[in-house]
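Me: I would like to go through some local features of this structure with you. Could we begin with backbone details and then turn to helix packing?

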Amino acid sequence: MNDRVPSPPRALARLQLHAGFTLDDAAAQVDYYADLGVSHLYASPLFTARPGSNHGYDVIDYHRVNPELGGEPALQRLVQALRARGMGLVLDIVPNHMFAGPGNAWWMDVLCHGRASAYAGYFDIDWRSPDPLVRGHVLLPILGKPYAQALRDGDVRLGHEGGNYVLRVHDNPLPLAPPSIEALRRAGEPSRVLSAHDATREAGFGQLHALLEQQHYRLALWKLANDMIDYRRFFDINELVGLRMDRTRVFEDSHALVFRLYAEGLIDGLRVDHVDGLADPHRYCRQLRHRLRRLQRQRPAGAPRGPAYLVVEKILAEGERLRPDWRMDGTTGYEFMDQVGALMHDGAGEAMLTELWQAISGERADFATVARAARRQILVDSFEAELDRTARALFDAARADVSTRDVSLPAIRRVLVELLVHFPVYRTYAGGLGRDAVDEAVFQQAYARARHHVRIEDRELLAEVAAWLGGQAPRGLPPGRVRQARERAMRIFQQATSPMAAKAVEDTACYRYGRLLSRNEVGADPGHLALDIPTFHALCAERARDYPHNLLATATHDHKRGEDARARLAVLSQAAVVPHWASTVERWRERNGHLRTAIDGAPAPSPADEYMLYQTLLGAWPLTLAPDDREGLEAFRARVAQWQRKALREAKRRSRWSRPNEPYEDACDAFLTAMLAPAHGFAGELHAFVQRIAAAGAANSLVQTALRLTTPGVPDTYQGTECWDFSLVDPDNRSPVDFDARRAGLAGAASWDTLLSGWRDGRLKQRLIRELLQLRARHPAVFARGSYTALAVETAEGTPSDRVLAFQRQLDGSAIIIVVLRHTGGVLLDTSSPSWNARATHALLPTGSHLRGMAAGRYRNVLGTAELSLPQESDPSAWLMPLPVAVLEPLGS
């Protein structure tokens with residue numbers, strides 16, 4: 001059985017596990033995924049999480065498989081089912097943070113014992129707060145009202161439960177320090193003690209306040225978190241506290257279960273969540289690889305014998321590459337999602353789309369400018385405490401050296417802000433030896449940009465700060481306070497840049513800039529609309545050389561809109577379609593103008609918000625939804641309304657999470673409701689425009705899917721997306737999957753013609769995935785280790801085609817040839833199917849077009865029945881029927 005489980009994986013299927021979809025529910029789908037052609041399931045975190053968690057990223061206990069998922073016995077049953085089908089399991093792990101609340105014994109111990117806790121060093125807590133009230137304590141910004149009012153209203157009260165005293169804050173328990181408990185026990189009967197500490201009475205208020213002052217934490221109003229929080233968070237989420245994974249004890253304790261499960265053969269690989277949040281990702285990744293390698297010999301005979309499959313969640317900026325010395329198999333594939341998405345867009349429509357966005361929104365700024373403004377705002381709105389902590393660390397570094405003791409904290413803060421605003425990547429990785437050449441280039445770019453924006457008198461300090469942050473190797477300094485201060489400042493700075501960038505770009509700028517929302521995705525740059533074929537080829541060849549097992553994703557639990565919604569919206573970028581879209585939007589805006597209302601003297605929704613709403617409606621409209629289906633229309637409206645409220649708050653223009661502008665949000669919701677009301681008639685117009693571009697969008701989807709399954713890397717299919725995926729941002733993209741329908745679709749033996757005629761039900765996409773995954777199973781070595789060679793597609797005149805992308809995967813004389821056709825909107829506009837005929841193909845491919853460079857031989861098209869000889873039959877138009885994708889497999893293989 002060991003030989004049947006591939007290592008590394010051949011193809012993954014991502015499942016989101018929670019109390020409503022447990023490990024046993026996952027086991028029930030093993031046969032379906034095996035029949036589809038998947039080699040490994042890829043599970044969301046399995047550690048015990050906050051009760052009721054629907055995602056598992058809020059871990060409370062690293063030592064147990066979550067009982068809500070069925071616990072370890074259910075995990076064993078799942079693995080038994082997987083092994084029976086020759087499959088494996090890859091597990092998502094969360095080393096960066098834990099849930100900071102009840103159920104987390106480590107965190108509760110810190111709150112109970114403070115710095116004396118055995119777990120105080122587990123969490124990234126700054127015990128040196130400049131605020132005397134907080135210094136040496138943990139700030140807990142969990143009160144819904146100001147401190148004094150919360151006490152007087154009884155929101156904070158003393159309780160006696162199970163023979164022990166506890167503090168209750170909004171019914172959540174908090175521990176008391178042992179000396180406080182002893183003093184309360186000596187004070188008399190519990191009833192008298194509780195009465196004496198009843199803060200709803202004046203005497204009790206003083207007693208309860210005095211008791212709270214004796215604790216190792218300080219309760220505070222939730223709004224103070226961004227200004228005062230003294231522990232590192234996951235982004236700006238107060239309930240998720242950062243871990244000191246750079247400490248060996250923390251690493252071993254938090255990974256003990258992972259290592260045991262791997263040694264026992266219950267898991268075969270790991271996906272590391274938010275690796276950039278760690279103090280030293282390089283050290284962590286190498287340490288993880290080393291520990292798992294040592295455990296390989298302990299694995300049972302039924303488990304894969306090769307190295308563990310390890311990928312990291314890492315956002316790579318344009319031109320940035322994963323460091324090879326991390327010893328990872330690759331990333332989770334956001335960069336591929338960006339690349340293949342951009343390939344589906346047409347640069348010829350960019351100028352027109354930009355003009356349309358600017359004309360409607362009135363906003364002239366490009367995305368880079370919008371992102372910089374968002375960074376500047378985020379630093380103040382969400383990360384004031386992190387900015388202050390970083391500035392103080394740099395100030396300590398300055399004061400530690402007599403030559404820089406005249407530097408002021410405000411000046412450091414000013415130059416730090418400009419560095420953060422202009423930082424071109426999520427983070428750097430300088431260590432004791434300072435910055436390497438890659439980080440130095442990044443830093444010099446940020447430094448050059450920041451220098452143009454700092455005060456003239458601060459430029460010298462900017463250079464000093466750049467040196468303190470790794471420009472000079474800390475290990476080159478004599479051991480002592482200066483060296484320690486520089487290393488601490490560098491660590492804090494590097495851990496701060498990633499969440500600030502993510503919050504500013506992904507969660508703010510992407511909700512503000514609305515030129516074309518199909519490019520507003522995690523890991524993408526909305527300022528770059530399209531990607532040409534030669535660049536895509538170069539990126540694929542590079543991946544084949546450097547990271548052949550990198551994960552390839554087009555949908556994730558974090559995506560902002562489904563892969564097929566993005567593919568449909570990409571049609572709007574095509575030059576033949578933009579004019580239709582522009583005139584349609586203008587008509588819609590005029591038609592719906594009377595539905596807008598005025599809030600604070602401005603229209604609701606704003607022009608920008610209205611335009612992004614139209615795009616969202618267009619991308620997410622289900623293929624099977626009729627405009628007179630009242631029940632279906634209401635379900636669709638509810639989904640979009642949920643997205644809209646989140647989008648308005650994330651944009652932080654007229655509303656935000658910390659200060660919701662409910663009148664504006666309600667007005668936008670009313671606009672959406674009135675617009676989709678059947679009597680208004682707009683739903684019919686929306687449906688009609690969806691039908692105009694739906695076939696072209698489906699063609700894009702088929703091409704995107706084929707490239708995910710055939711280019712270098714390990715394809716990942718997110719749950720449910722083997723059929724059409726028009727989901728929106730979470731929680732919509734984590735909705736339950738109808739596995740019964742998918743099993744039924746897979747079990748059918750419908751012909752390609754039948755699938756094409758009923759393409760709206762999603763079975764066409766599912767069949768494409770099955771055929772290509774089965775192809776990977778027949779040729780595992782070709783796809784795992786084979787070369788990637790771009791094939792030239794030329795017209796009769798010898799000029800390259802910009803519509804056809806072709807390449808060859810080859811190993812030891814065996815070759816698979818893939819040809820796809822893009823930018824088909826001009827032909828498929830107003831058609832009822834993504835199918836092709838000779839006339840449509842020749843409209844995009846001139847007569848006499850031919851393919852050069854492919855391996856000679858007899859082939860069959862996996863996605864049809866055609867057989868051909870190469871290089872004699874080299875006209876790709878003959879293969880690209882009835883689909884915009886052809887995959888040629890050698891006959892006899």
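**Backbone and helix packing**

Reply: F235 is located in the loop that links β12 (233-234) and β13 (237-242). Please note that this is a predicted model.

Me: What is phi of F235?

Reply: F235 has a positive phi of about 55°, although F235 is not a glycine.

Me: Is F235 buried or exposed?

Reply: F235 is buried, because its relative accessible area is 13% and the cut-off for buried is under 20%.

Me: Which residue other than glycine has a positive phi near 50°?

Reply: That is H170, whose phi is near 50°. H170 sits in the loop between β9 (164-169) and β10 (172-174).

Me: How does H170 count in terms of accessibility?

Reply: H170 has a relative accessibility of 33%, so H170 counts as partly exposed.

Me: Now the prolines. What is the peptide bond from S7 to P8 like, cis or trans?

Reply: The bond from S7 to P8 is cis, and its omega is near 0°. P8 belongs to the segment before β1 (12-15).

Me: And from D730 to P731, cis or trans?

Reply: The peptide bond from D730 to P731 is cis, with omega near 10°. P731 is in the loop between β20 (714-718) and α27.

Me: Since α27 has come up, at what angle does α27 cross α29?

Reply: Helix α27 (residues 739-747) and helix α29 (residues 763-778) have axes that cross at roughly 65° and come within 10 Å. The angle makes α27 roughly perpendicular to α29, and the crossing of the two helices is right-handed.

Me: Which residues make the contact?

Reply: From α27 the contact uses R742, G745 and L746, and from α29 it uses R763, Q766 and R770. By class, the contact of α27 with α29 has three charged, two polar and one nonpolar residues.

Me: Next pair. How do the axes of α21 and α26 cross?

Reply: The axes of helix α21 (residues 563-570) and helix α26 (residues 682-710) cross at roughly 120° and come within 7 Å. That angle makes α21 oblique to α26.

Me: Why oblique?

Reply: Roughly perpendicular covers 65 to 115 degrees and roughly antiparallel begins over 145, so a crossing at roughly 120° makes α21 oblique to α26.

Me: What is the handedness there, and which residues of α21 and α26 take part?

Reply: The crossing of α21 and α26 is right-handed. On α21 the contact involves E563, D564, A567, R568 and A570. On α26 it involves V690, I693, G697, N700, S701, Q704, T705 and R708.

Me: How many of them are polar, charged or nonpolar?

Reply: In the contact of α21 with α26, five residues are polar, four are charged and four are nonpolar.

Me: One last topic. Where is T428 found?

Reply: T428 is found in the loop between α16 (409-421) and α17 (437-451).

Me: Buried or exposed?

Reply: T428 counts as buried, because its relative accessibility is 1%.

Me: Which side chain does T428 join through a polar contact?

Reply: The side chains of T428 and Q494 are joined by a polar contact of 3.1 Å.

Me: And what is T428 in contact with, leaving aside its neighbours within four places in sequence?

Reply: With those neighbours left aside, T428 is in contact with F423, D439, V442 and Q494.

Methods: Residues numbered from 1 in each chain as written. Predicted model: local features only at pLDDT ≥ 70, side-chain atom pairs only at ≥ 80, totals over all residues. Heavy atoms only, no water. Axes fitted to C-alpha atoms, helices over the stretch in contact; angles between N-to-C directions. Helix = DSSP H or I, 4+ residues; strand = E, 2+ residues; numbered from the N terminus. Parallel < 35°, antiparallel > 145°, perpendicular 65-115°, else oblique. Left-handed = near helix turned anticlockwise from the far one by under 90°. Contact = heavy atoms within 4.5 Å. Nonpolar A, V, L, I, M, F, W, Y, C, P; charged D, E, K, R; others polar. Buried < 20%, exposed > 50% of the residue type's maximum accessible area, 1.4 Å probe, protein only. Polar contact = N/O pair within 3.5 Å; in protein donor to acceptor, adjacent residues only side chain to side chain.
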